[in-house]
Amino acid sequence: MDLNQTELTLLNGMQTTFGTLAKPVTLVVNVASRCGLSPQYETLEAMQKKYGSKGFTVIGMPSNSFLQELKDASDISDYCSTTWGVTFPMTEKVKVNGKDTHPLYQQLKKTKDSSGKAGNVKWNFEKFLVLADGTVHRFRPTTKPDDHEIISLIEANLK
């Protein structure tokens, strides 16, 4: 399956596809409002502002797979906008592991991390950097969004 054809539903209920939302450099992150890693939202938004006009976007995909996400789209939207000033696209809640895993994550999870391991998402805020040529790089949750390796890949692949 081509990632670009994968259907997504935004927090506001609008139907779209990954290809419509994606830029030449796209960082997909499974987010959760009540996670100890949620301060990463601030860095993700700063990256969106810094690189957004150059062909980069973050796509936040709220997930309750680890039981740390708010119950509905309105609460998630309010939290993200008022607490972190999030302007990047956010999808409806998705499952990232197990039965009913979202089709985008079914594909992304095939990507190996730096230690050569693919498979299940380990926790909230796991990052998948998707480049224009379809190459995907995987970064585990504790890797900060502005880690040197991520920023180097973003900058090397922007226009």
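Biologist: Is Tyr 41 buried or exposed?

Modeller: This is a predicted model, so every value is computed from it. Tyr 41 has a relative accessibility of 0%, so it counts as buried.

Biologist: What aromatic pair does Tyr 41 form with Tyr 79?

Modeller: Look at the centres of the rings and the angle of the planes. For Tyr 41 and Tyr 79, the centres are 6.3 Å apart and the planes make 65 degrees. That pair is edge-to-face. Tyr 79 is buried too, with a relative accessible area of 12%.

Biologist: Which parts does the pair tie together?

Modeller: Check the elements. Tyr 41 belongs to helix H2, residues 40-51. Tyr 79 belongs to helix H3, residues 73-84.

Biologist: How many aromatic pairs does the whole structure have?

Modeller: A search finds six. Another of them joins Tyr 105 and Phe 128. Their ring centres are 5.8 Å apart and their planes stand at 85 degrees, so this pair is edge-to-face. Tyr 105 sits in helix H4 (residues 103-108), and Phe 128 in strand E5 (residues 127-131). Those parts are 23 residues apart in sequence. Tyr 105 is buried at 0% relative accessibility, and Phe 128 is buried at 0% relative accessible area.

Biologist: Which residues form one aromatic cluster?

Modeller: Tyr 41, Tyr 79, Trp 84 and Phe 125 do.

Biologist: Now the nonpolar core. Which residues have the most contacts inside the largest one?

Modeller: Start with the general idea. In soluble globular proteins, nonpolar side chains tend to be buried together. Here the largest nonpolar core has 29 residues. Those with the most contacts inside it are Tyr 41, Met 47, Phe 56, Met 90, Leu 129 and Ile 154. Two or more residues come from each of strand E3 (25-31), H2, strand E4 (56-62), H3, E5 and helix H5 (148-157). A separate core of 19 residues includes Val 28, Val 94, Leu 104 and Phe 128.

Biologist: What does Ile 154 touch?

Modeller: Set aside residues up to four places away in sequence. Ile 154 then touches Val 25, Met 47, Tyr 51, Phe 56 and Leu 129.

Biologist: What is the order of the strands in the open sheet?

Modeller: Read across the strands. The order is E4-E3-E5-E6, and the pairing is mixed. E4 and E6 (136-139) are the edge strands, each pairing on one side only. On average, neighbouring strands are turned by 20 degrees against each other, direction ignored.

Biologist: How many bridges join E5 and E6?

Modeller: Four, in the antiparallel sense. Find Phe 128 again: its bridge partner in E6 is Arg 138. Then look for the helix on the sheet. H5 packs there and touches E3, E4, E5 and E6. The direction of H5 makes about 20 degrees with that of E5.

Biologist: How many disulfides are there?

Modeller: A disulfide is a covalent bond between the sulfur atoms of two cysteines. To count one, the sulfur atoms must lie within 2.5 Å. The count here is zero. For Cys 35, the nearest cysteine sulfur is that of Cys 80, 12 Å away. Cys 35 is buried, at 4% relative accessibility. Cys 80 is buried as well, at 2% relative accessible area.

Biologist: Last one. Where is His 102?

Modeller: In the loop between H3 and H4. His 102 counts as buried, at 12% relative accessibility. Beyond its neighbours within four places in sequence, His 102 contacts Thr 6, Glu 7, Leu 8, Met 61, Val 94 and Lys 95.

Key. Residues are numbered from 1 along each chain as its sequence is written. This is a predicted model: local features need pLDDT of at least 70, side-chain atom pairs count only at pLDDT 80 or more; totals for chains, interfaces and linings use all residues. Side-chain values use heavy atoms; hydrogens and water are left out. Buried means under 20% relative accessible area, exposed over 50%, partly exposed in between (1.4 Å probe, protein chains only). Rings of Phe, Tyr and Trp (its six-membered ring) pair if their centres lie within 6.5 Å; planes under 30 degrees apart count as stacked, over 60 as edge-to-face and the rest as tilted. A nonpolar core is a set of buried Ala, Val, Leu, Ile, Met, Phe, Trp, Tyr and Cys residues joined through side-chain atoms within 4.5 Å. Contact means heavy atoms within 4.5 Å. Two strands pair if DSSP finds at least two bridges between them. Axes are lines fitted to C-alpha atoms, for helices over the stretch in contact, and angles run from 0 to 180 degrees between N-to-C directions.
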